Structures are given as structure tokens and as C-alpha cells.
Amino acid sequence: MRKIVIFAMGMVLSGTTLAQEKIEATIGADFVSQYIWRGLDAGHVSIQPTLGVAYKGLSLSAWGSVSFKSEDTKEFDLTASYTNGGLTLGVTDYWFDTPEERYFNYKAHETSHVFEAFVAYDFGLLSAAWNTNFAGNDGLNKNGKRAYSSYVELNAPFKLATCEWTGTLGVVPYATSFYDTSGFAVTNVAIKALKDIKITDSFSVPIFAQVIANPCSQRAYFVFGFTLKP
């Protein structure tokens with residue numbers, strides 16, 4: 001399961017949001033040395049394509065992940081979101097080819113879909129997001145009931161030397177088997193650096209490296225990747 005990609009829907013000018021007046025399309029793909037999602041190991045070397053459209057604050061996107069190892073889970077996500085100023089509201093349908101391989105099976109206790117609602121706000125120096133599963137193949141709490149699994153993340157972007165950096169802190173606020181937590185837990189502490197590598201005068205490739213630690217599971221990861229887009 002991936003971090004949610006939210007497409008920029010407007011421009012902030014003197015405190016006023018100006019939504020774009022034409023449809024914008026996004027297409028691209030990330031190539032990563034390891035797929036780590038919210039501090040969890042989700043796969044080996046992977047290709048992760050993105051396709052999206054945006055218009056006047058509304059964004060629709062598709063995202064997927066396929067590993068070079070056939071035994072890894074395949075993923076296909078659909079996200080709808082709306083942005084106004086710094087506020088973004090949205091819903092994501094995550095789908096995996098396990099435990100149920102059929103995409104159109106939405107039966108309770110069988111489906112591989114997970115439906116998540118999220119709210120995010122960009123304060124400029126810091127952004128915050130709350131994500132909660134509300135349907136589908138969610139985890140269970142300590143009482144064996146639907147956990148409505150949630151994840152809260154803070155991101156702080158900054159520039160240093162020739163790279164753009166982002167510091168991340170992610171926590172699971174209560175017990176859920178979805179994130180394998182028995183209560184409040186810090187699951188994602190990360191630092192990421194990104195830099196554009198110029199190939200020609202009109203084409204560059206963004207590369208990135210990320211150090212990730214999950215204090216809850218006592219795991220740490222180092223991920224390298226690059227993005228291809230028109």
C-alpha cells in the first residue's frame with residue numbers, strides 16, 4: 001500500500017487559491033529499490049506507474065505497484081480528492097491480488113479492496129494528514145472487531161545543499177492488525193532527498209534516496225529510486 005499521491009490543483013497567491021481553468025493530466029512511473037509504505041515492507045524492487053487528471057480542485061488518479069519478484073503482492077489503487085487552498089479531502093480504493101484475486105469481488109470478509117478516507121492540510125512549512133479505513137479488508141482491534149485502522153503523518157519539506165528534502169513522522173493512533181500494532185505506535189520516521197539529474201536541455205530525471213525507520217517493528221530501510229515522466 002502506497003503513500004497517497006495528491007496532484008496539485010491550484011495556485012496560492014496572496015492567500016487566495018486559484019484553481020486551474022483547464023484539465024491537467026499526469027503520467028509517469030517510479031522505479032524503487034524496495035517498496036516501503038508507511039514504515040511497512042510491502043515488496044522488493046518495483047515499478048510504480050501513475051496516471052491522473054485534475055480540474056478546478058478535483059483530482060482523479062490511478063496508481064499501481066508491480067514487483068520484479070512474482071511472489072510479491074500486486075497493487076492497484078484509485079484515488080479521488082478535492083483540494084481548496086491547503087485543505088485536501090479524498091477517498092482511496094486500494095486493491096491487492098491477495099487474498100482474493102478477483103477485482104470485482106466486494107463481499108465482506110472476502111474482498112481484497114480496502115477503502116480509506118483521508119483529510120490533509122498543507123500549512124506551508126509543515127503538512128499533516130489523517131487516513132482511516134472505513135470499509136473492505138480492514139484489520140481488527142483487540143476485541144476482534146473492525147479497527148477502522150488509522151494512520152497520521154506529518155511532513156516537513158526543506159532545502160539543503162543541492163537537494164530538496166522531506167522529513168516524515170508517521171504514527172498509528174490505536175491497536176489494529178492492519179498495521180500490526182497493539183496500541184499507539186510510531187511506525188514511520190524517515191528522511192528523503194530528491195535531486196533532478198539533467199539529461200538534455202529539455203529532459204531531466206528526478207532521483208531520490210530515503211532512510212526509513214519503523215520503531216514499532218524495530219526495522220530500518222534504505223530506498224533508492226527515480227521517476228520517469230514526460
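Predicted model: local features only at pLDDT ≥ 70, side-chain atom pairs only at ≥ 80, totals over all residues.
So, quick one to start: is R102 buried or exposed? At 52% relative accessibility, it counts as exposed, given that the cut-off is over 50%. Keep that residue in mind, I'll come back to it.

Okay, the overall picture. We've got 16 strands and zero helices. If you line things up along the principal axes, the C-alpha atoms fill a box of roughly 55 × 35 × 35 Å. Of the 230 residues, 40% are buried. And if you take contacts with a separation of 6 or more, 42% of those come from residues 24 or more positions apart.

Surface next. The accessible area is about 13,000 Å², and carbon and sulfur atoms own 63% of that. On charges, there are 18 positive and 21 negative, and their mean positions are 2 Å apart.

Now, salt bridges. Opposite charges on side chains can pair up when the charged atoms come close. The search over the whole structure gives four, and I'll walk you through some of them.

My pick is R38 with E116, at 2.9 Å from N to O. R38 is in the loop between β4 and β5 while E116 is in strand β10, so this pair ties together parts that are 78 residues apart in sequence. Both ends are covered up, too: R38 is buried at 7% relative accessible area, and E116 is buried at 0%.

Back to R102, then. It pairs with E100, again with the closest N and O atoms 2.9 Å apart. Here E100 is buried, at 14%, whereas R102 is the exposed one we opened with.

Then there's D138 and R146, where N to O is 3.9 Å. D138 is buried at 11%, and R146 is partly exposed at 31%.

T98 and P99 are joined by a cis peptide bond, omega about 5°. P99 is in the loop between β9 and β10.

We also have positive phi in a couple of non-glycine spots. K56 has phi near 50°; this lysine is in the loop from β6 to β7 and is partly exposed at 37%. Y148 also has phi near 50°, sits in the loop between β11 and β12, and is partly exposed at 42%.

That's me done, over to you.

Terms used
Residues numbered from 1 in each chain as written. Heavy atoms only, no water. Helix = DSSP H or I, 4+ residues; strand = E, 2+ residues; numbered from the N terminus. Buried < 20%, exposed > 50% of the residue type's maximum accessible area, 1.4 Å probe, protein only. Contact = heavy atoms within 4.5 Å. Areas by Shrake-Rupley, 256 points an atom, 1.4 Å probe, with all protein chains shown as cover. Lys, Arg positive; Asp, Glu negative; His and termini not counted. Charge placed at Lys NZ, Arg CZ, Asp CG, Glu CD. Salt bridge = Lys/Arg side-chain N within 4 Å of Asp/Glu carboxyl O.
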